[in-house]
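Welcome, and thanks for taking a look at this one with me. Below are the sequence and the model, followed by a short tour in sections.

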Amino acid sequence: MLYPNCTRLVALALLVLGLSAPAGAAREKKALIIANAAYENLPALVSPTADAAAYDRAFAAMGFKTTRLTDQTADGLLDGLEAFADGVGPGDTVAFVYSGHGWSDGAASFLIPTDAPTAGSDRKLRRSTVVLRDGQNGVLDILEESGASLVFAGIDACRDNPFTPAAGTRSAGLSRGLARLDAPVGTFVVYSAGEGQQALDRLPGDGPGEKLSVFARNFVPRLKAGVDLRTAVQQARFDTAEQAKGFDGHLQHPAVYDQVLKPQICLA
């Protein structure tokens with residue numbers, strides 16, 4: 001398709017953990033960026049690689065030490081996350097970006113590794129994928145335990161639920177896109193599309209040189225040192241909604257869940 005739709009529900013989460021570094025400790029900025037595009041059993045993706053590269057450049061320009069991983073299996077994704085979290089020290093500022101397939105069972109959201117199956121019951125699919133947050137072993141839970149003072153997470157889970165439910169089982173992923181996140185105090189979350197909406201991968205006027213999703217192309221250029229995250233997100237939300245509306249009146253209103261009790265949120 002020339003401009004395929006993609007349920008690119010980006011959860012951009014900022015977790016302010018309220019931890020402080022010991023006196024005299026050096027505070028570092030570190031980013032882990034994962035792009036899954038070459039799936040073994042599910043449809044291959046194109047945009048995750050370009051989006052991840054754009055985020056990588058943006059974080060590097062803000063002084064982050066970046067680690068970018070591509071096409072990770074379940075073991076590779078978890079091993080990479082654990083190794084990254086082990087290198088985070090108290091008071092560090094951390095960024096985590098994931099771009100690839102994702103799904104939801106209606107209660108929690110899951111990142112899909114490249115070796116995931118094409119079908120299965122919800123129980124099987126939960127075992128084969130990586131939960132974003134469950135209060136114990138999710139990606140955001142691991143980062144929360146790392147000792148960082150600030151954790152920014154951008155979750156770009158591309159396309160509608162790609163799984164086919166196993167015969168005789170209830171449908172996997174009852175809700176379209178990622179599930180609503182129960183944001184704790186100190187958390188800022190934005191999805192690139194509202195609940196039940198499809199986010200667009202491309203627009204009718206896009207040329208071959210435009211590789212980014214509609215939300216990423218509006219948000220990443222505003223992701224700069226010294227810029228208030230709320231301001232950047234609000235501007236990206238407005239532009240995304242306006243551009244999407246030009247595509248046959250398509251509705252794409254990025255949703256925000258803000259529980260950060262600070263007047264400004266900066267990554268620098």
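## A pair in a helix

In which helix do tyrosine 55 and phenylalanine 59 both lie, and how many residues apart are they? Both belong to helix H1 (residues 47-61), and they are four residues apart, about one turn of the helix. Helices here are DSSP runs of H or I with at least four residues, strands are runs of E with at least two, and both are numbered from the N terminus.

A word on the ground rules: this is a predicted model, in which local features need pLDDT of at least 70 and side-chain atom pairs count only at pLDDT 80 or more, while totals for chains, interfaces and linings use all residues. Residues are numbered from 1 along each chain as its sequence is written, and side-chain values use heavy atoms, with hydrogens and water left out.

## Aromatic pairs

The structure holds seven aromatic pairs. Rings of Phe, Tyr and Trp (its six-membered ring) pair if their centres lie within 6.5 Å; planes under 30 degrees apart count as stacked, over 60 as edge-to-face and the rest as tilted. For tyrosine 55 and phenylalanine 59, the ring centres are 6.4 Å apart and the planes are at 25°, so this pair is stacked. Tyrosine 55 is buried at 2% relative accessibility, and phenylalanine 59 is buried at 0%. For these labels, buried means under 20% relative accessible area, exposed over 50%, and partly exposed in between (1.4 Å probe, protein chains only).

Tryptophan 103 and phenylalanine 110 are stacked too, because their ring centres are 4.9 Å apart and their planes are at 20°. Tryptophan 103 is buried, with a relative accessible area of 0%, and phenylalanine 110 is buried at 6%.

## Strand S3 and its partners

Strand S3 (residues 29-35) is mostly covered, with six of its seven residues buried. S3 pairs in the parallel sense with strand S5 (residues 93-104) over seven bridges, and in the parallel sense with strand S4 (residues 65-70) over six bridges. Two strands pair if DSSP finds at least two bridges between them. Lysine 30 has valine 94 in S5 as its bridge partner, while the bridge partner of leucine 32 in S4 is threonine 67.

S3, H1 and S4 make a right-handed β-α-β unit. Right-handed means that, with the strands pointing away from the viewer, the path from the first strand over the helix to the second runs clockwise. Helix H1 also holds aspartate 56, which is buried, with a relative accessible area of 11%. Not counting residues up to four places away in sequence, aspartate 56 touches Ile33, Thr66 and Arg68, where contact means heavy atoms within 4.5 Å.

## Nonpolar cores

In soluble globular proteins, nonpolar side chains tend to be buried together. A nonpolar core is a set of buried Ala, Val, Leu, Ile, Met, Phe, Trp, Tyr and Cys residues joined through side-chain atoms within 4.5 Å. The largest such core has 40 residues, of which Phe96, Tyr98, Val139, Leu143 and Ile155 touch the most other members. Leaving aside neighbours within four places in sequence, valine 139 is in contact with Leu81, Phe96, Leu111, Val130, Val131 and Leu132. Another core lies apart from it and has 30 residues, including Ala54, Ala95, Phe152 and Phe219.

## Two positive phi angles

Most residues other than glycine have a negative phi, and most peptide bonds are trans. Aspartate 71, although not a glycine, has a positive phi of about 50°. Aspartate 71 sits in the loop between S4 and helix H2 (74-86) and is partly exposed, with a relative accessible area of 34%.

Aspartate 248 also has a positive phi, near 55°. The loop that holds aspartate 248 runs between helix H6 (229-245) and strand S13 (255-258), and this residue is exposed, with a relative accessible area of 75%.

## The chain as a whole

The protein chain has six helices and 13 strands. Of its 268 residues, 57% are buried. Among contacts with a separation of 6 or more, 76% are between residues 24 or more positions apart.
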